[in-house]
Amino acid sequence: MSAVPQDKARGSREGLEFILGGLMRRYQERVPDVQAIMDAMVKQGIIGSETEIENDHIAFRTMGVPQLGIQSLEKIFLHFGYERRDHYFFPEKKLDAYWYAPPAPQYPRIFISELRVRDLSPEAAEIIYSYTDTVSTDPVTELHLDDAKEVDWFLHSSLWKLPTWDDYQRLARESEYAAWVIYNRYYLNHFTISVHNLPEGYNTIEGFNAFLETNGFVLNDAGGKIKTSPDGKLSQSSTVARMVKATFAGGEEQMIAGSYVEFAERKLLDAFSTLAKAEIRREHRREGFEAGNADKIFESTYSSQTNKSE
Ligand code: OOG
Ligand code: NI
């Protein structure tokens with residue numbers, strides 16, 4: 001039994017902020033829509049500066065093999081005080097996912113999904129194992145989690161060898177998610193702008209989508225441009241991932257789907273529907289995620305959607 005109190009065994013807030021900052025910086029560099037959307041919001045007077053944007057959640061994708069996947073990546077965030085919440089299952093896409101509640105409301109929630117590699121065809125699974133088998137043990141167990149620079153480096157370093165363009169295409173034919181992860185690994189898949197606290201006219205997904213489309217941003221329309229939970233309290237939309245130049249094994253360059261931006265509106269829970277605006281905090285709004293919404297948001301990197309932005 002450890003005598004160390006819980007909060008002392010946990011990673012520091014400074015460490016967590018360094019890691020989240022490092023993720024956002026690489027993501028912003030790779031996804032021009034991020035800066036473009038923030039600039040458009042400032043220009044329109046929706047916000048005074050980009051620091052006012054509330055990040056609802058960030059998302060990662062992982063390969064479900066024993067030494068990697070959710071159980072490996074989550075260790076980093078559990079160390080910094082995140083708590084695992086609900087499980088979601090996507091039978092058609094062969095994915096599992098969990099969401100994680102942050103240690104304090106100023107931090108984003110985290111959504112981590114995982115490919116059920118064992119459910120793919122033997123051919124596709126073999127391609128994946130030919131990369132992941134070089135990782136013999138869970139790499140997160142070897143990290144010094146209190147060394148934020150080491151964690152930041154790990155999240156942006158190659159877990160396995162550079163894929164071949166041929167393997168990427170063969171995977172994409174069976175699972176576009178698999179192809180995305182084999183190349184993009186733990187790069188942030190998206191960050192999410194909370195719209196419900198924005199000024200009138202922009203504080204609903206309908207209003208915010210209209211603003212985005214007026215400014216030329218292309219939205220994912222899988223299942224409709226607005227995805228709403230059955231309780232009507234969580235509505236989401238997302239941009240279509242732009243294509244990024246990727247260098248495959250042997251130096252071959254190809255354009256593939258990168259990351260995207262998501263938007264979320266969380267309505268007040270019925271018990272708090274009469275609260276004055278100044279009193280509303282995160283805990284008064286609809287929490288968590290919704291499998292039916294997420295199922296369609298995944299398609300923001302699928303060719304059926306990315307074809308529209310080329
Ligand atoms: C995640 C899609 C699901 C949400 O908020 O429900 C999601 C992904 O594309 O990896 O982000
Ligand atoms: Ni999301």
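Here are some questions and answers about this predicted model.

Me: Which word describes how H2 and H6 run relative to each other: roughly parallel, roughly antiparallel, roughly perpendicular or oblique?
Reply: Happy to work through it! Helix H2 (residues 13-30) and helix H6 (residues 148-155) pack with their axes 9 Å apart, at an angle of about 25 degrees. Angles under 35 degrees count as roughly parallel. H2 and H6 are therefore roughly parallel.

Me: By class, which residues make up the contact of H2 with H6?
Reply: Good one to check in your viewer. H2 brings Gly 15, Phe 18, Ile 19, Gly 22 and Leu 23, while H6 brings Ala 148, Val 151, Asp 152 and Leu 155. Gly counts as polar and Asp as charged. By class, the contact comes to six nonpolar, two polar and one charged.

Me: Which element gives the largest share of the shell around ligand 1?
Reply: Among the 13 residues around ligand 1, those that come nearest are Ala 59, Asn 189, Ala 294, Ile 297 and Phe 298. Two or more residues each come from strand S1 (55-63), strand S4 (109-115) and helix H10 (291-297). The largest share is three residues, from H10.

Me: What is the radius of gyration of the protein chain?
Reply: The chain holds eleven helices and ten strands. For 310 residues the globule rule gives 19 Å, and the chain is close to that, so it is as compact as a globular protein of that length. Its radius of gyration is 19 Å.

How values were computed
Residues numbered from 1 in each chain as written. Chains lettered and ligands numbered in written order. Predicted model: local features only at pLDDT ≥ 70, side-chain atom pairs only at ≥ 80, totals over all residues. Axes fitted to C-alpha atoms, helices over the stretch in contact; angles between N-to-C directions. Helix = DSSP H or I, 4+ residues; strand = E, 2+ residues; numbered from the N terminus. Parallel < 35°, antiparallel > 145°, perpendicular 65-115°, else oblique. Contact = placed C-beta atoms within 7 Å. Near = placed C-beta within 6 Å. Rg over C-alpha atoms; globule rule 2.2 N^0.38 Å.
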